[in-house]
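Here is a friendly briefing to read with the structure open beside you.

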Amino acid sequence: MKTVKLEETAVEIDASSVYYRDLNDEINMAVNEGAKHLIIRNVNGQRYIGAGLQGDDIRIDIHGVPGNDMAVFMDGPTIEVFDNAQDGVGNTMNAGNVYVHGHAGDVCGYGMRGGRLYVLGDVGYRVGIHMKAYKEKTPILIVGGTAGHFLGEYMAGGIIVLLGMERRPGQPVAGDYLGTGMHGGTIFVRGEVDSRRVGKEVGIEKPDDAEYKMLKKELSEFAGVFHLNYDDIVSVPFVKLYPKTHRPYGPLYNARWYWQRGG
Amino acid sequence: MLFKKPQIQYYPYIVQRDDYRCVRCLGCVEQCSYDATFYDEELDMLWNKHEACVGCKRCEAMCPTDALKIIPNPSRPYEHQSWKWDLVMDAYLQANTGSIIITGIGNDKPYRVSFDHLLLDACQVTNPSIDPLREPMELRTFLGRKVQKIELAEAEGGNITLKTRLAPQLQLETPIMFSAMSYGAINLNFQESMARAAVRLGTYWNTGEGGLHKRLYPYVNSGIVQVASGRFGVSRDYLKVAAAAEIKIGQGAKPGIGGHLPGEKVNPDIAETRMIPPGSDAISPAPHHDIYSIEDLRQLIYAIKETTRYEKPVFVKIAAVHNVAAIASGIARAGADVIVIDGFRGGTGAAPKSVRDHIGIPVEVAIAAVDRRLRAEGIRNEVSIVATGGIRSSADVIKIIALGADAIYIATAAMLAVGCTLCQTCNTGRCAWGITTNDPRLARRQNPDIASEQLYNLVRGWSHEMKEMLGAMGINSIESLKGNRLRLRSIGLTEKESEILGVLPAGE
Ligand code: SF4
Ligand code: SF4
């Protein structure tokens, strides 16, 4: 591993043939010594980059493909990946930004509580599961391409935006079971969504003005990060998917003795 | 048409009131959280709605003149050997509601308890027994991965240093810990009581999956934080401050079933601790959706290890199910430092009755199977085993350690220590003993000063008894009992059952 100090707070790390534990040790050491900008080159599947890293002023550029669970439990930093990313990006992330210039794998944004996760390309299965909002925190996941099955399953809060750009003709924007078990949060889909694919707990309607305003703000940031034409993105109307109830399973259970319910 | 459905009038308890003794203090009206007691001012009479009584005995315990007795309703349907009373009542309830029956606490069915068919050894003549009151006796236990061998290096000046990097360990002064019970399922007073008792006892308590409340930060060095499928309250700081992290895959009372704290129980304080909006349902999906294989589990274990910089042991908790030995072997290989096996008699705040009563296997059998399997594979040292779910006494602790566990967790026993009467209605959130409720009026009934003392006493009593039993066996350290099945004999078990437990029948 070669670590080069570029300037006072910037370092460049060559990750070729480096074991993930050593790479993460190196990253943690650099951050502990005051590095604010880390450029990591030749990344090739090393896992857990940025795991539990803290600090809003830390920036990590990743060249190459990072491994699973990048930014897991992360709390503040910004990671930009100039290639594809693998599974579990932003798992249980608390705060910070992750920008992926390519595709990302399965279960990205699991239980994410805050921060932004932007993926320019497609994402795999079970993405955005159990995302939640908390106080002033609202996690935002924007996918430029399409998503696999079970997008937003068990979603409890936060915002998922699915743009479905650069699709092959006839290719659906999302897989089946979209929003199954959703009991909080909102999913916005650019264009139409096939109601057949949507979980039965989920309602579909048009976003209202306030939501459009919020969407436009987020999308202009998304366009800025990836140098896209913002007007193209918003030229198509969106639909909104929302949970019909915050208590999907309430009536299904009963106390052991009937009379405990006051029956 | 009848004014109410006929089945409702059958009920399990009667509140028997001795009106000569009753002084009309109205304490019972105040104490009953199930609206089963009321006062009629006009008649100056206390009345009970027997059909609302859950048999928690709170009023009976608090009555200053001993005027109350909660007795089983003598009017029962014909004692059918196949159609037990609870099955009949369940059928009635479901015919009326069409819903899933939820209950609390653990499996109450009369399955064989192997603990009650195991006997301990003692020394006679040929080797001396030990008196723990006068001779050293050690219960200290270390949980975590143990190395196969250690390498030493000689530093300058002839100092010997350890070259092998040891895995992180938890040091327990007694092999009894407090099991995972989340803030939400129980209230903070009870959680704080366990935390305080754990600190005093030199052992550990567990947050459960509901996050770590700031009031409990002072006890966090003795705290194990749980990471369950809902990831409630799980953050970098949460993982970093605790003594260890526990990935909850399953729970003995409801293997394969997730958790669900209904929105109306999610008050602002619980919401803050779980890091979710107040009033929203807290749903823990049945599986972790990022774990579909041993490799995926390894990924989460190492995500936590990376986040905590390999300084904390990672526990993985599973329910005892049929294939538990093979699963435990996978978990050991996935890098867990400690495996927790929760037997099918483990308790719960709420579980479908059908699941609670019929899924899983007993912890004694599971521990014996897991220990044997890991030893056969030569990896027993790589992981510690914690047994939980159905451990009721110091003798059970000794027996399960002899069957291969390193330590145990208690939960139901801890609730008994603070008043629980096993009424099995924790799911209602109305616990009159103030344990499994977050109603502030009821939660006040658990005073951490008193409750922590009760918990301390229980574990202290058990620990002393364990020392007595070890002494009788001529063993001066709990370490030497671990997996030592020769000190056990079975009585009244079939040959096959004894074989599975790895013990000889009494007399052999
Ligand atoms: S306090 Fe408990 S035992 Fe007494 S009447 Fe109420 S429910 Fe029954
Ligand atoms: S904790 Fe409370 S509600 Fe649950 S069984 Fe014990 S006394 Fe009953």
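This is a predicted model: local features need pLDDT of at least 70, side-chain atom pairs count only at pLDDT 80 or more; totals for chains, interfaces and linings use all residues.

**Helices α8 and α10 of chain B**

- On the α8(B) side, the contact involves V324(B), A325(B), A326(B), A328(B), S329(B) and A332(B), which meet A366(B), A369(B), V370(B), R373(B) and L374(B) of α10(B).
- Sorted by class, this contact of α8(B) with α10(B) has nine nonpolar, one polar and one charged residues.

**A closer look at α10(B)**

- With 14 residues, α10(B) reaches 20 Å from its first C-alpha to its last, close to the 20 Å expected at 1.5 Å a residue.
- Which residues of α10(B) are buried? They are V363(B), E364(B), A366(B), I367(B), A368(B), V370(B), D371(B) and L374(B).
- Those buried residues of α10(B) pack against α8, β18 (338-342), β20 (384-388), α11 (394-402) and α15 (495-501) of chain B.
- Just after α10(B) comes G378(B), with a positive phi of about 75°.

**Helices α11 and α14 of chain B**

- S394(B), A395(B), V397(B) and I398(B) of α11(B) make the contact with W462(B), E465(B), M466(B), M469(B) and L470(B) of α14(B).
- By class, the contact of α11(B) with α14(B) has seven nonpolar, one polar and one charged residues.

**D396(B) and G390(B)**

- D396(B) sits in helix α11 of chain B and is buried, with a relative accessible area of 2%.
- Leaving aside neighbours within four places in sequence, D396(B) is in contact with F115(B), G390(B) and I391(B).
- One of those partners, G390(B), lies in the loop between β20 and α11 of chain B.
- G390(B) has a relative accessible area of 19% and counts as buried, since buried means under 20%.
- Not counting residues up to four places away in sequence, G390(B) touches F115(B), R345(B), G346(B) and D396(B).
- Between G390(B) and D342(B) there are 8.4 Å in space, C-alpha to C-alpha, while the two are 48 residues apart in sequence.

**Helices α4 and α14 of chain B**

- From α4(B), the contact draws on N189(B), F190(B), E192(B), S193(B), M194(B), R196(B), A197(B), R200(B) and L201(B).
- From α14(B), the contact draws on P448(B), D449(B), A451(B), S452(B), E453(B), L455(B), Y456(B), V459(B) and R460(B).
- By class, the contact of α4(B) with α14(B) has nine nonpolar, three polar and six charged residues.

**A451(B) in α14(B)**

- A451(B) belongs to helix α14 of chain B and counts as buried at 4% relative accessibility.
- Not counting residues up to four places away in sequence, A451(B) touches S193(B), V418(B) and Q446(B).
- A451(B) and A417(B) are 34 residues apart in sequence and 7.8 Å apart in space, C-alpha to C-alpha.

- S17(A) has a phi near 55°, a positive value in a residue other than glycine.
- The loop between β2 (10-14) and α1 (20-32) of chain A holds S17(A).
- Is S17(A) buried or exposed? S17(A) is exposed, with a relative accessible area of 82%.
- R231(B) is not a glycine, yet its phi is positive at about 55°.
- R231(B) is placed in the loop between β13 (223-227) and α5 (236-241) of chain B, and at 0% relative accessibility R231(B) counts as buried.

Technical notes: Residues are numbered from 1 along each chain as its sequence is written. Chains are lettered from A and ligands numbered from 1 in the order in which they are written. Side-chain values use heavy atoms; hydrogens and water are left out. Contact means heavy atoms within 4.5 Å. Helices (H or I, at least four residues) and strands (E, at least two) are DSSP runs, numbered from the N terminus. Ala, Val, Leu, Ile, Met, Phe, Trp, Tyr, Cys and Pro count as nonpolar, Asp, Glu, Lys and Arg as charged, and the others, Gly among them, as polar. The expected span of a helix is 1.5 Å times one less than its number of residues. Buried means under 20% relative accessible area, exposed over 50%, partly exposed in between (1.4 Å probe, protein chains only).
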